[in-house]
Amino acid sequence: MHIAPQKYFLVGIVFSVFQPLASCQELSASVTSASIDLLDASHILHFLDVVDAFGHVSLRNPVNSSQFLMTFAIAPAQATSQSIVTYEIENATTIGLTFNSSVVGAAVPTGFAERFIHSEIYKKFPNVLAVLHSHTQEILPFANQASVPLVAEMHTAPSIGSEGAPIFDIRTLPKSVLPDDQIHDLLIRNEALGDALAQTFIGDSQVVLMRGHGMAVRASSLREVVFSGFYIKQDATVQLQSILLGGGKKPKALDQREVTDTATTAKTLVGRAWSLWAQQVDNAGLYVNDLRNGAPPSPTGF
Ligand SMILES: *[C@@H]1O[C@H](CO)[C@@H](O)[C@H](O)[C@H]1NC(C)=O
Ligand SMILES: *[C@@H]1O[C@H](CO)[C@@H](O)[C@H](O)[C@H]1NC(C)=O
Ligand SMILES: *[C@@H]1O[C@H](CO)[C@@H](O)[C@H](O)[C@H]1NC(C)=O
């Protein structure tokens, strides 16, 4: 009577050992390297206090530009390889777990409600390879106070752009995008809202502030989107302090030339920061990057 279940149990072990191996062999080396950086990005953003229990970062699939990689709905600090999902850019639907082909369809845990932030930004900007959404507290005063735009106050934050950060406010949306009978909880829950957010980006600004909510950041690489997210946060603090120090007087911001040139320089600084941040998350005792297992991060990233 007890023999049959034991047999099934053994068959189960054999399958669970061999299926992941088989699916790993099918994965390209670049998807694995990109996912190493995606886990590091999630952990670093938490370590640097850019995201908390909420927020998410993604990258365009390096082997298929119609797809992106992001975790399912989990706190970024807790992401492991088994939380990474491959999504369609076309409609933000799930293709499957990136590192476990035995989990398919409804068995894949639910994604972030706001994954449309990512899919619509990738759709609108073919050169964007990474997207971050966060509720970073330091930037919220500027998201709520349209009369004082967030500007680039420091050479590590040129991603804010030379015209300041635009603000996305659901109250300005037409009823066709946000009908009265649809929930007004500020979340980007569908393609129409994601598209409206993506259209808010202007000129050389890589960030959109979201009134009462947070921000969305776009970049041409994953490591850059983390770098930008962190320094946008620092910049908001510096700007607020400068305004207070000057008794409300508008502080000097980087001009167009300075934004362009510091953006070029910032790209050369990302690798050095990444090396430090990866070591910090390795030593923190909270984060598990089971694809890197304590090895140093690659000198070149995604
Ligand atoms: C790339 O992704 C799209 C959307 O998921 C899919 O239809 C297409 O078959 C993929 N291309 C390759 C070469 O796998
Ligand atoms: C989502 O888009 C993909 C790629 O275009 C398509 O194959 C799939 O059927 C779509 N899914 C839904 C639910 O619309
Ligand atoms: C893949 O998912 C199955 C089903 O949840 C699980 O039993 C297995 O441990 C997973 N594989 C890995 C490598 O985690």
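Ala, Val, Leu, Ile, Met, Phe, Trp, Tyr, Cys and Pro count as nonpolar, Asp, Glu, Lys and Arg as charged, and the others, Gly among them, as polar. By this scheme, the shell around ligand 2 divides into no nonpolar, 2 polar and 2 charged residues. This is a predicted model, in which local features need pLDDT of at least 70 and side-chain atom pairs count only at pLDDT 80 or more, while totals for chains, interfaces and linings use all residues. Residues are numbered from 1 along each chain as its sequence is written, chains are lettered from A and ligands numbered from 1 in the order in which they are written, and side-chain values use heavy atoms, with hydrogens and water left out.

**Ligand 2**

- Ligand 2 is surrounded by Glu88, Glu90, Asn91 and Thr93, where a surrounding residue has a heavy atom within 4 Å of the molecule.
- A polar side-chain atom of Asn91 lies 2.4 Å from an oxygen atom of ligand 2; a polar contact is a pair of N or O atoms within 3.5 Å, and within protein one must be able to donate a hydrogen and the other to accept it, with residues adjacent in sequence counting only if both atoms are side-chain atoms.
- Taken alone, ligand 2 exposes 370 Å², and the protein buries 35% of that (Shrake-Rupley method, 1.4 Å probe; for residues, only the protein chains shown count as cover).

**Ligand 1**

- Asn64, Ser66, Gln67, Glu88 and Ile95 surround ligand 1.
- The shell of ligand 1 has 1 nonpolar, 3 polar and 1 charged residues.
- Oxygen atoms of ligand 1 lie 2.3 Å from a polar side-chain atom of Asn64, 2.9 Å from one of Gln67 and 2.6 Å from an N or O atom in the side chain of Glu88.
- The protein covers 37% of the 360 Å² of accessible area that ligand 1 has on its own.

**The sheet**

- An open sheet with mixed pairing is formed by 8 strands in the order E4-E3-E2-E1-E5-E8-E7-E6; helices (H or I, at least four residues) and strands (E, at least two) are DSSP runs, numbered from the N terminus, and two strands pair if DSSP finds at least two bridges between them.
- Strand E4 (94–97) and strand E6 (167–168) stand at the edges with a single partner strand each, so one side of each is left without a neighbour in the sheet.
- Strands E1 (residues 56–60) and E5 (residues 130–134) run antiparallel and are joined by 4 bridges.
- Leu59 stands opposite Ala130 in E5.

**Loops**

- Asp49, in the loop between helix H2 (29–47) and E1, has a positive phi of about 65° although it is not a glycine.
- Ala92, in the loop between strand E3 (84–88) and E4, is not a glycine, yet has a positive phi of about 60°.
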